[in-house]
Amino acid sequence: VRDLLRRHRDRYRPVGFVDPDPTLRGMRIHGIKVRGTLDDLERVTRKLKVQAVLIALPRPTPALLRSIVNH
C-alpha cells in the first residue's frame with residue numbers, strides 16, 4: 001500500500017479503506033482511516049465523494065467482485 005501511495009500521490013488522494021474485518025474499523029493503515037466494512041462501501045463512497053475505488057483483495061471471488069462493482 002505504501003509503495004502504491006508513493007507512486008501515485010500526485011494523481012490520487014486516498015480517503016479511506018474498507019475491510020471485511022469489522023475489528024479494523026476506525027484504525028489507521030499508513031495514516032489512512034479504515035472507514036468500515038465492505039457493507040459500508042456504498043455509504044463511504046457517497047459520503048466522501050469517491051471517484052475511484054482500488055480493490056486490493058488476495059483472492060476475491062467473482063461474486064464479491066460483482067458486489068463491489070455494483071456498489
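Biologist: Which strands form the open sheet, and in what order?

Modeller: Strands of a sheet pair through backbone hydrogen bonds, either parallel or antiparallel. Here, three strands make an open sheet in the order E1-E3-E2, with mixed pairing. Strand E1 (17-18) and strand E2 (28-29) are at the edges with a single partner strand each, so one side of each has no neighbour in the sheet. Strands are DSSP runs of E, at least two residues, and helices are runs of H or I, at least four residues, numbered from the N terminus; two strands pair if DSSP finds at least two bridges between them. Mind that the model is predicted: local features need pLDDT of at least 70, side-chain atom pairs pLDDT 80 or more, while totals for chains, interfaces and linings use all residues. Residues count from 1 along each chain as its sequence is written, and side-chain values use heavy atoms, leaving out hydrogens and water.

Biologist: How many bridges join E1 to strand E3?

Modeller: Two, and E1 and E3 (residues 32-36) run parallel. Val 18 has Gly 36 in E3 as its bridge partner.

Biologist: Is Lys 49 buried or exposed?

Modeller: Buried means under 20% relative accessible area, exposed over 50%, partly exposed in between (1.4 Å probe, protein chains only). Lys 49 is exposed at 69%, whereas His 30 is partly exposed at 43%.
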